[in-house]
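Trainee: Before I rely on a structure, I would like to learn how to read its features one by one. Can we work through one together?

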Amino acid sequence: MKFSNLSANYKNISVFHGLNGEIKQNQVTTLLGPNGSGKTTLMLILADLKKPQIGNVIYKEQSLFYLAQKNQVFDYITVEQLLEIAILRNKNRNLKFEETIMSILELKELLSKDLNNLSGGQQQRVWLAYAFLQPAKILLLDEPLTYLDVKYQQIFYRLLMQEKKRGRTFLISLHDINFAKRCSDNIWYLTPTVLVTGNTDTLLTKDLICRYLEVEDYLI
Ligand SMILES: Nc1ncnc2c1ncn2[C@@H]1O[C@H](COP(=O)(O)OP(=O)(O)OP(=O)(O)O)[C@@H](O)[C@H]1O
């Protein structure tokens, strides 16, 4: 999946322009950038949920799912009911896979609970399961570590690697550079005028982290 010359505005205020890039198949790409730099906006455009001002995205025939940074359901819904929505989108159910996701994310004891009454981290585990259970080859996950404690961050890492091995492609946005270093094949730094792309070893250097994430010093 490739995109070229992407520009995004909100009410005539530019977020970024002239971005080019490619989501490489069967790899993990991590999008980094300061707060407000436009990571969510770029993901929304790639997921076809927002129109770019200029530019285009070329989709290959691959299904895509976008998991937002903040997810909310206003009505009563149990965890099981929510996950069923994802599961039933699959033409062929894979019971073993469903079982694996539920057990790795330790959701079984939460299935009958109202999603809205769960803690932030519990809700995030449910939403991650919701994403992994979708019949999508490409997953765009916007700040997937939000609310997760150290244990579940590690579990998320394991799931990410497992799903990559099963042939899935990931674009994730993160603020945790150490996690990015561990999980990513590629890094994207988002700036208002250019998307700096490359492999993780080349791009996650102290100098580039300082330049693109606007910090004075960083120990990596
Ligand atoms: N619906 C909207 N209407 C107007 N402005 C918006 C809207 N959504 C985002 N913006 C603005 O666009 C810019 C980019 O926002 P975006 O959420 O894409 O950034 P981000 O990199 O994902 O930020 P963060 O790291 O804080 O999640 C910000 O200045 C934000 O205020």
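Predicted model: local features only at pLDDT ≥ 70, side-chain atom pairs only at ≥ 80, totals over all residues.

Trainee: Which residues does UniProt list for "domain: ABC transporter"?

Mentor: An unreviewed UniProt entry lists residues 1–217 under that name. In the model, this span is 35% helix and 24% strand, and its end C-alpha atoms lie 34 Å apart.

Trainee: Is strand E3 mostly covered or mostly open?

Mentor: Strand E3, residues 28–32, is mostly covered, with 5 of its 5 residues buried.

Trainee: Which residues of E3 point one way, and which the other way?

Mentor: Start from the general idea: side chains in a regular strand alternate between the two faces of the sheet. In E3, Val 28, Thr 30 and Leu 32 point one way, while Thr 29 and Leu 31 point the other way. Residues of both sets are buried.

Trainee: Which strands are joined to E3 by bridges?

Mentor: Strand E7 (residues 169–173) runs parallel to E3 and is joined to it by 4 bridges. Here Thr 29 stands opposite Leu 171. Strand E8 (residues 186–190) also runs parallel to E3, again with 4 bridges. Leu 32 has Tyr 189 of E8 as its bridge partner.

Trainee: How far apart are Arg 211 and Tyr 189 in sequence and in space?

Mentor: Sequence separation and spatial distance are read as two separate numbers. Arg 211 and Tyr 189 are 22 residues apart in sequence, and their C-alpha atoms are 9.8 Å apart. Arg 211 belongs to helix H8, residues 206–213.

Trainee: Which residues surround the ligand?

Mentor: A shell can be read by its members, their class and their place in the fold. Those around the ligand are Tyr 10, Val 15, Gly 33, Asn 35, Gly 36, Ser 37, Gly 38, Lys 39, Thr 40, Thr 41 and Gln 69. By class, 2 are nonpolar, 8 polar and 1 charged. Helix H1, residues 39–46, gives the largest share of the shell, 3 residues.

Key. Residues numbered from 1 in each chain as written. Near = placed C-beta within 6 Å. Helix = DSSP H or I, 4+ residues; strand = E, 2+ residues; numbered from the N terminus. Nonpolar A, V, L, I, M, F, W, Y, C, P; charged D, E, K, R; others polar. UniProt positions renumbered as here; feature names shortened; annotations may be inferred. Buried ≥ 20, exposed ≤ 12 C-beta atoms within 10 Å, placed from the backbone. Pairing = 2+ DSSP bridges.
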